[in-house]
Amino acid sequence: MDMHNARDTGAARVEDPWHDALASGWGEPDDTDSAARRARPPAAREVYTEVHGSAAFQEVRRRYRRFVFPAAAAFLLWYLAYVVAATTAPGLMARPVVGTLNVAMVAGLGQFATTFLLTWAYARHARLRRDRVALELRWVTQEMMRGRGR
């Protein structure tokens with residue numbers, strides 16, 4: 001058995017189980033006889049280019065960006081403010097809040113709380129504003145890949 005690396009040839013082998021043509025069902029046997037063969041579905045590039053240009057896909061991207069960019073910027077500013085305050089204002093950060101709990105500890109715990117809150121907000125936003133449209137797009141894309149939709 002000749003074992004060669006796909007990296008050596010510069011291309012993936014056809015028997016590769018992760019090859020997208022085989023994963024999409026094109027390499028599977030057809031239940032029809034050879035005279036009435038089904039037409040080959042359109043190439044993935046054509047389908048995804050068409051979906052990428054659709055209004056529904058652009059709407060999903062717009063909703064994603066409208067949430068992620070401001071949220072990421074706000075979290076990054078909050079994190080940098082914590083780091084800058086810790087390095088430039090050690091007196092402020094060492095100020096006690098309650099007992100031995102100081103400003104630095106409260107801000108550090110606030111970082112964790114903010115991370116969990118942001119994760120929850122992202123999941124909620126995705127569920128309420130993007131998932132349904134994205135699932136419909138996925139269905140349309142799969143139908144187009146099978147040659148049934150347009």
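**Before selecting anything**

This is a predicted model, in which local features need pLDDT of at least 70 and side-chain atom pairs count only at pLDDT 80 or more, while totals for chains, interfaces and linings use all residues. Residues are numbered from 1 along each chain as its sequence is written, and side-chain values use heavy atoms, with hydrogens and water left out.

**Stop 1: the whole chain**

Show the protein chain as a cartoon. Its secondary structure comes to six helices and two strands. Here helices (H or I, at least four residues) and strands (E, at least two) are DSSP runs, numbered from the N terminus. Followed from the N terminus, the elements run α-α-α-α-α-β-β-α. The protein chain has 150 residues, and buried residues make up 17% of them. Buried means under 20% relative accessible area, exposed means over 50%, and partly exposed is in between, with a 1.4 Å probe and protein chains only.

**Stop 2: two annotated spans**

In the model, residues 67–89 are 96% helix and 0% strand, with end C-alpha atoms 32 Å apart. Residues 101–123 are 91% helix and 9% strand, and their end C-alpha atoms lie 32 Å apart.

**Stop 3**

Side chains of opposite charge can pair when their charged atoms come close. The structure holds two salt bridges; a salt bridge is a side-chain nitrogen of Lys or Arg within 4 Å of a carboxyl oxygen of Asp or Glu.

Arg 62 pairs with Glu 59, and their closest N and O atoms are 2.4 Å apart. These two are separated by about one helical turn, because they stand three residues apart in helix H4. Glu 59 also pairs with Arg 63, with closest N and O atoms 2.9 Å apart. Shared partners join Glu 59, Arg 62 and Arg 63 into one network of salt bridges.

How accessible are these side chains? Arg 62 is partly exposed at 36% relative accessible area, Arg 63 is partly exposed at 28%, and Glu 59 is partly exposed at 24%.

**Stop 3: along H6**

Select helix H6, residues 103–145. At its start, a side-chain oxygen of Asn 102 reaches to within 3.3 Å of the backbone nitrogen of Ala 104. Further along, H6 has a kink of about 55 degrees centred on Arg 130. The bend at a residue is the angle between axes fitted to the seven residues ending there and the seven starting there. Just after H6, Gly 147 takes a positive phi of about 85 degrees.

**Stop 4: a nonpolar patch**

Show the surface and colour Val 97, Val 98, Leu 101, Met 105, Val 106, Leu 109, Phe 112 and Phe 116. Together they form a nonpolar patch with about 800 Å² of accessible area. Patches are made of residues with over 30% relative accessible area and no salt bridge; like charges are joined within 9 Å, and nonpolar side chains (Val, Leu, Ile, Met, Phe, Trp, Tyr) within 5 Å. Accessible areas come from the Shrake-Rupley method with a 1.4 Å probe; for residues, only the protein chains shown count as cover.

Which element gives the most to this nonpolar patch? Helix H6 does, with five residues. Strand S1 (96–98) supplies at least two. Phe 112, found in helix H6, is exposed, with a relative accessible area of 56%.

**Stop 5: around Leu 118**

The C-alpha atoms of Ala 71 and Leu 118 are separated by 7.6 Å, although the two residues are 47 apart along the chain. Phe 75 and Leu 118 are 43 residues apart in sequence, with 8.4 Å from C-alpha to C-alpha. Phe 75, also in helix H4, is partly exposed at 24%.

Notes. Polar contact = N/O pair within 3.5 Å; in protein donor to acceptor, adjacent residues only side chain to side chain.
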